[in-house]
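Notebook open, viewer running. I'm jotting down what I look up as I go.

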Amino acid sequence: MSEYILEMNNISKEFTGVKALTDVSFKVEKGEIHCLIGENGAGKSTLMKVLSGVYPFGTYTGDIVFEGKVQQFGEISDSVKAGIAIIYQELALFPDLTVYENIFAGNEVKRGGVIDWNRTIVKANDMLKKVGLDVNPEVLIKDLGVGKQQLVEIAKALSKDVKLLILDEPTAALNENDSENLLELLRELKKQGITCIMISHKLKEVISIADRATVIRDGRTICTLEGSKGEITESTIIKNMVGREIDDIYPKRPDKKFGDKILELNNWSAYDTQLGRYVVKNVNLHVKKGEIVGIAGLMGSGRTELAQSIFGNPKSYKLQGDLFVDGLPQKFSHTSDAIKAGIAYVTEDRKGDGLFLAQDIKSNVVAANLKGISRNGVINENEEVKIANEYKASMHVKAPSVEQLVGKLSGGNQQKVSLGKWLFVGPKLLILDEPTRGIDVGAKFEIYTIMNKLISEGMSIIMISSELGEVLGMSDRVYVMAEGALKGELSIEEATQENIMQLATL
Amino acid sequence: MNLFNEAKSLLKVNIREYGMYIALFVIMLTFTILTDGLFMSSRNISNLLDQTGYIAVLAVGMTLVIVIREIDLSVGFVAGFLGAIAAILLSQAGVPFYLTIPIILVLGIVVGMFNGVLVAKFGIPSFVASLAGMLIFRGALLQVTEKTGTIIIKDDNFNAIGNGFIPSIAEVGGLHLLSLILGALAIILYIYSEINKRKNKIKYQFDVVSKGIFAIQLIFVSAIIAYVTWILAGYNGFSWTVVIVLLVVALYHFISTKTVLGRHIYAVGSNPEAAHLTGINVKKITYIVFGSMGMLAALSGILYTSRLQSATTTAGTLFELDAIAAAYVGGVSSAGGVGKVTGAVIGAVVMASLTSGMNLLGVGISYQYMIRGGVLAAAVIFDVMTRKKRG
């Protein structure tokens with residue numbers, strides 16, 4: 001039995017009423033590669049943020065023992081000093097600075113308070129050699145591909161004498177070749193005695209690289225699988241990852257009647273000119289009247305991009321393929337065209353691009369359909385209050401009045417306002433992007449009930465969701481997306497958590 | 001006692017808005033006491049309002065520009081330049097004044113739209129785009145006034161805009177009759193619309209303030225209108241400048257609070273991404289707001305040129321900063337989506353009152369700048385504090 005470099009014992013963490021972590025224990029042996037696995041929102045990132053001091057000592061309960069000492073990290077720099085480095089999914093590099101400036105950013109090579117740039121470059125070269133990256137240290141970060149940027153991040157971590165390296169989905173944005181190189185590098189670092197924690201969704205990678213793997217679900221440790229005992233297999237991981245029972249938190253819909261196709265996409269692709277790649281590839285899909293179509297997949301699989309490319313293309317992707325609404329070909333040049341054609345899109349990030357947080361409930365509810373409360377461009381404010389009150393009542397928005405600022409509402413109530421705004425437009429097709437992310441079970445149930453009611457009134461819904469339970473509990477048909485393409489279509493009868501997860505991690 | 005409690009809670013909720021009026025009241029009262037009533041004399045108030053005019057219209061437009069999270073630094077010299085063009089049209093090209101004014105206003109819209117295109121279409125930060133405009137129009141102003149220097153305007157109609165007063169019809173006990181009639185009309189219109197609003201709300205079964213508070217509100221506002229009318233009627237009555245500013249404020253207040261266009265402007269300022277995903281054309285709104293700013297800059301140029309009865313080589317210097325200061329004193333927020341055009345006008349009057357009062361007291365110009373800077377900072381601090389408390 002080798003000794004533990006890290007022991008996290010009985011960690012609990014709460015965000016204003018929501019338990020993110022409950023009694024989590026997580027032990028990492030010295031010199032191993034340990035994978036941390038779980039669905040989106042299971043609590044992996046929160047656990048790593050507790051470890052790295054993003055959530056400082058005192059905001060959680062439980063102990064962190066690193067190298068035999070109980071640690072109380074007050075801020076990130078404390079964990080860095082102890083030898084823990086974390087590399088996030090979104091790289092924390094400065095795109096307009098050079099490779100060597102990035103490697104030593106925050107850890108500058110100084111002589112008498114002045115930076116010694118020559119020595120910096122020499123040391124940067126050493127680090128680059130260590131990670132097997134053959135680039136001139138004087139090139140700018142933005143001129144490197146994502147795979148090489150990832151290696152620069154690792155070089156940066158190594159420059160700080162790291163003992164424990166944490167990688168949060170390091171291969172999410174990488175192609176297969178780069179991914180393979182990265183995994184090879186991790187094995188190399190392991191030989192040099194560096195312990196590594198890797199968060200990953202790609203099961204094949206986990207199986208190929210992990211010495212041990214810990215599964216987290218709903219903020220609790222489920223189990224730790226031993227690679228040496230042959231426990232790390234696709235089926236055991238998936239079983240432990242999704243294990244939750246689907247009970248009656250999903251209200252039933254008695255009569256299912258489907259009509260004609262409301263939306264159809266043929267060979268639909270979207271090219272992001274800024275990223276220089278296709279974010280949606282060759283998608284063929286349709287939605288019938290009265291149907292809830294689930295789109296499952298992991299974060300970054302292109303689901304939001306697909307939704308936005310349908311909804312008037314606000315990010316100005318280059319679009320290819322055909323889009324039919326009610327059987328008629330359509331080309332939307334602005335979101336307002338899509339709204340006119342009867343499509344509504346409730347965004348994934350309600351605070352970022354969904355709501356006007358500094359405005360009150362009533363202004364938000366009527367924002368997408370001001371025509372409905374105005375005559376000759378002049379708004380009838382009384383009508384506005386009346387309508388806002390109706391939605392507030394029918395959707396059970398908990399707020400003292402419709403004059404309450406939306407920024408002060410809870411997540412669930414914000415989501416209801418966001419939904420109400422689109423219902424007031426009266427669309428034929430409602431696209432819901434992660435409709436229940438970050439809201440509590442009670443509010444979730446209410447939102448599902450509203451969805452069922454809308455369907456019974458003849459609306460159609462596309463529901464994008466990372467929560468498999470929700471996809472299975474609410475959809476009539478499921479598409480699974482990965483890397484911008486549809487990897488499969490499943491009827492609700494044949495869909496299971498396991499086969500969806502399989503397609504999504506393909 | 002109940003009435004008192006209701007008033008207290010109203011004051012608490014609307015502290016930010018009322019705070020500005022209270023500040024204006026305190027400033028005016030202080031100066032009136034310090035100058036033995038000279039500050040509140042008919043002549044001084046009339047002058048003060050006329051001097052505020054060309055900044056007030058800029059502040060109105062600037063408020064909307066800041067609401068959509070942009071800025072326009074070019075407005076000062078655009079006003080100066082277009083004022084000079086007006087002078088040239090009138091005194092050198094012989095264009096009649098009723099044609100000159102629409103031409104200048106249209107030119108202003110074109111200039112503003114151009115700024116809007118730079119910002120919305122090419123994605124140039126508005127600070128830089130309008131800074132470039134500021135330099136360009138400063139140069140253009142010098143160019144057109146280079147040969148002649150100051151251009152004197154002899155057109156009486158045009159000069160009346162900045163210096164004249166509405167006709168009196170008759171004098172009643174030394175008071176200006178038409179102004180009195182207009183003041184009375186304004187009071188009647190105000191009371192009528194407020195009662196109508198209240199009736200409508202009751203019809204929709206919404207909460208309304210109690211009858212007592214409602215009556216006090218009506219009497220209070222009517223009294224202020226009456227008092228201002230009375231003061232102005234004691235000198236020469238309403239000036240054309242005051243009438244124009246009031247019309248502009250009324251129009252912009254209506255557009256910004258009661259129309260779909262106004263809602264779209266505030267939505268874009270509040271969250272541009274969400275606005276886009278709500279089906280609002282963010283670019284179009286940007287063009288419109290900058291276009292309106294350009295038009296108001298042209299109007300400001302007309303007011304200023306006409307007040308001086310001439311176009312000078314330095315006209316418009318620092319107007320933009322006075323307008324921005326007025327907008328911030330009036331409660332606009334650079335975070336976007338918050339701010340009222342009525343606030344901006346009160347802000348402009350606050351700043352002008354400070355200048356006027358300190359001039360009467362003979363305060364040195366160096367202290368004047370420092371005090372005005374202090375008031376600007378204090379207003380924004382008050383704004384941030386009250387907003388934090390609410391949010």
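**Interface.** I started where the chains meet: 27 residues of chain A are in contact with 22 residues of chain B, contact being C-beta atoms, placed from the backbone, within 7 Å. On the chain A side, helix H10 (335–340), helix H11 (350–354), strand E20 (378–379) and helix H13 (381–394) each supply at least two of the touching residues. Helices (H or I, at least four residues) and strands (E, at least two) are DSSP runs here, numbered from the N terminus. I then sorted the side of chain A that touches chain B by residue type and got 13 nonpolar, eleven polar and three charged.

**Ground rules.** This is a predicted model, where local features need pLDDT of at least 70 and side-chain atom pairs count only at pLDDT 80 or more, while totals for chains, interfaces and linings use all residues. Residues are numbered from 1 along each chain as its sequence is written, and chains are lettered from A and ligands numbered from 1 in the order in which they are written.

**Confidence.** The predictor gives the complex an ipTM of 0.84 and a pTM of 0.81. For chain B I noted an average pLDDT of 92, with 99% of the residues at 70 or above; pLDDT is the predictor's confidence in each residue, from 0 to 100.

**Chain A, overall.** I count 17 helices and 24 strands in chain A. The C-alpha atoms of chain A fill a box of roughly 70 × 45 × 45 Å along the principal axes. Of the 506 residues of chain A, 45% count as buried. Buried means 20 or more other C-beta atoms within 10 Å of a residue's own, exposed means 12 or fewer, and partly exposed is in between, with C-beta atoms placed from the backbone.

**Six-stranded sheet, chain A.** What is the strand order in the open sheet of six strands? I read E6-E9-E10-E3-E11-E12, with mixed pairing; two strands pair if DSSP finds at least two bridges between them. Strand E6 (84–87) and strand E12 (220–226) of chain A stand at the edges with a single partner strand each, so one side of each has no neighbour in the sheet. Neighbouring strands are turned by 20 degrees against each other on average, direction ignored. Helix H8 (residues 234–242) of chain A packs on this sheet, touching strand E3 (33–37), E11 and E12, and its direction makes about 25 degrees with that of E11(A). Axes are lines fitted to C-alpha atoms, for helices over the stretch in contact, and angles run from 0 to 180 degrees between N-to-C directions.

Next I zoomed in on E3(A), where five of its five residues are buried. In a regular strand the side chains alternate between the two faces of the sheet. Here A:Ile33, A:Cys35 and A:Ile37 point one way, and A:His34 and A:Leu36 the other way. E3(A) pairs in the parallel sense with strand E10 (residues 195–199) of chain A over four bridges, A:Leu36 being the bridge partner of A:Ile199. E3(A) also has four parallel bridges to E11(A), and there A:His34 is partnered with A:Arg212.

Strand E11 (residues 212–217) of chain A runs antiparallel to E12(A), with six bridges joining them. A:Arg217 stands opposite A:Arg220. The hairpin has two residues between these strands, and A:Asp218 takes a positive phi near 50 degrees.

**Four-stranded sheet, chain A.** This open sheet has the order E14-E13-E16-E17, with antiparallel pairing. Its edges are strand E14 (277–288) and strand E17 (328–329) of chain A. Strand E13 (residues 261–272) of chain A is joined to E14(A) by eight bridges, with A:Asp272 opposite A:Arg277. Helix H9 (residues 303–310) of chain A lies across E13, E14 and strand E16 (318–325), at about 70 degrees to E14(A).

Chain B has 16 helices and four strands. Buried residues make up 41% of its 391 residues.

How values were computed:
Contact = placed C-beta atoms within 7 Å. Nonpolar A, V, L, I, M, F, W, Y, C, P; charged D, E, K, R; others polar.
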